[in-house]
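Please open the structure in your viewer and keep the selection panel at hand. The tour below goes from one selection to the next and says what is there.

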Amino acid sequence: MGDVFRCTHLNLDVAISFETKTISGTATYDVERVSSTQTDEDKVFFDAKELIIKGVTVNGKETAHTLSAVPGMDPEVFGLRLSVTLPRSSLGTSSVCISYSTTPKSSAIQWLPPSQTLGKVRPYLFTQCQAIHARSLLPCQDAPAVKVTYKATVLTDSWATCLMSALSKGSATVPATGQKAWTWEQPVPTSTYLVALCVGDLSSRDISGRCRVWAEPGIVDAVAYEFAETEEFLKTAEELTIPYMWGRYDVVCLPPSFPYGGMENPCLTFVTPTLLAGDRSLADVVAHEIAHSWTGNLVTNSTWEHFWLNEGWTTWLQRKIMAKMKDDDRFFDFDAIGGWKHLADDVALLPDDFSRLVPIIDGRDPDEAFSGVPYEKGFNLLVDLERRVGQQAFGQYAKTYLGTFKYITVTSTEFRTHFMNYFKGHKNLKDFDWEGWFHKPGLPPTPTFDRTLSQASEDLAAAWLCYDSGVGAVPSVDTSGWNTNQRTCFLDAMLVTLERDGRSLKRGTTREMDGAYGYSKVKNSEILHRYSLLCINAEDDTILKTILKFVTTQGRMKFVRPLYRALYRSEMGRESAVRTFKENADFYHPIAAKMVAADMGLGEGGGEDGGNGIGARDVKDFLKDNKAAIAAVGIAAAVGIYLARRKK
Ligand SMILES: CC/C=C\C/C=C\C[C@@H](O)/C=C/C=C/C=C\[C@@H](O)CCCC(=O)O
Ligand SMILES: [Zn+2]
């Protein structure tokens, strides 16, 4: 898209209707010719998914447009191509104004009823555009390589607060209607997957001169406490990189159905409330999103095949920030050990095409290719390079890399060339296996990390596993002073061994563990998640109610997907998993509903072994064949119907 004409600026002028669950108005683009190819007709193309296109003008004149599917690209995933003919004389910038409306099906937007908010009085909406959902929020050239500056005016009900991934230019009441008009400006060129919107009953607290947290009034103080280190994260990140270009860094804590830990929307990170542990122990997700201000938002992957350049670099920078703040490099390694487990878990589930660092996506839904691979394999590639050239030199290189590719996009090959030129002739890079790192499926060579911070956790895991095998007593180590990372490392170490050995714990073991540590009552989502997985492994159904509550009161895919998968594969939870998902399908974000449905054996494998979320063809076929049903009940409910039919 956009290979001849490219959008450079967007003026978005829209109104929000909670009543009709639509966003409607105009998207006006400055469009520039970027290639001199003179074709028979000069056409500019936009992506549009689940949108109603009402009309198009070019330089103020009404202009014909067409909407058609792109051959080989499933319209259910990629939407349609909106084609607009430009005047032959359009040598400079054209102004293309598209009048449109979203539909309630839009996959980028979750419309929450008041019951799904904390306040229970007002509705709420938030968007999630990565990777290719921006096209269902607005017509756009929805490719990371097309970066636009943007201005937006958004009309909302008078009670609502509107936030965007941009700098606020104020708000005013519209005298004629009583509505509120919110004005935003993003002066830094930004890929469309980073356009974001959130509207609800929101309060804020300033936590520094350039950082503010937003949330529903009932939790805003807890959010301010949890993320109080944000300014320090930001300052530390600046020391490791180049100056922060985005002006403000605010955080909005969304309702619990937000499907990710965080999303790096510029100027306004979106986070899940599952980070609210009460002790700041999960705030490193904010460090991760801050890191994206450079790696991802400023220097951006050229296409989604090169997503690791966003996430691998960001994971590296996040771990550098955390270690620098703690003034101890061992924290970098400690976190990397947890990351390796994440990588190994995902690689075990993924088809080869998706476990390559540069995956083969080929017309498939990028949401299906999403995994820990770009994060952790990407991170390990960078660590391998860093160890070969030395920490200090690599740190300097990182700054040069950011300076070279800021405001534009980068491919894996461009990175490789840039890196090899910078370290030309370096003796430790002579036979570096770039091809293997980029294209070999599966796990990369096993790295060595400093284990001094993980040792006690790993030892405790070994002791519990011995006890479970009938060797030795219940471990008596006092863990009351342990931090969250030590606890999650301990549980991870148990899970790693069980998975590796295909072994199940005895039910009595998880009961003993609960007696010792009280994990079934823990508030911390990362600990509860891991302990729940152990209990499912042990078929310990005393915790089933807690797990079902956990998966129906938050919709973060990192937690709900593995838990539904594990329940579905277990004796104790299979029925409950299907029933619970069916009853709660509307709670989940459309992306999460799609992925969980596919995970629970509804894919090509169709059975208990299908749990990887990759083969969603059966459910997709069902959805395709039942468009009327979907229009009537929505995609999530339709998936529920499909599940119910399969059960029969
Ligand atoms: C190799 C994969 C190719 C393309 C995928 C690109 C985007 C995938 C899409 O599914 C969106 C992902 C958005 C992620 C946002 C935040 C994550 O960092 C959250 C990580 C998990 C969590 O902490 O909950
Ligand atoms: Zn990220």
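Select G261 to begin, and you will find that, not counting residues up to four places away in sequence, G261 touches V271, T272, L275, V285, R556 and K558, where two residues are in contact if their C-beta atoms, placed from the backbone, lie within 7 Å. This is a predicted model, in which local features need pLDDT of at least 70, side-chain atom pairs count only at pLDDT 80 or more, and totals for chains, interfaces and linings use all residues. Residues are numbered from 1 along each chain as its sequence is written, while chains are lettered from A and ligands numbered from 1 in the order in which they are written.

G261 sits in the loop between strand 18 (250–253) and strand 19; strands are DSSP runs of E with at least two residues, and helices are runs of H or I with at least four, numbered from the N terminus. G261 counts as buried because it has 22 C-beta neighbours inside 10 Å, the cut-offs being 20 or more for buried, 12 or fewer for exposed, and partly exposed in between.

Next, select M263, which lies in strand 19 and is also buried, with 25 such neighbours inside 10 Å. Beyond four places in sequence, M263 touches Q128, Q130, T269 and F270.

Now select ligand 1, which is surrounded by 17 residues (C-beta atom within 6 Å), the closest being A131, G261, W304, F370 and K558. Strand 19 (262–263) and helix 8 (366–369) each give two or more residues to this shell, and helix 8 gives the largest share, three residues.
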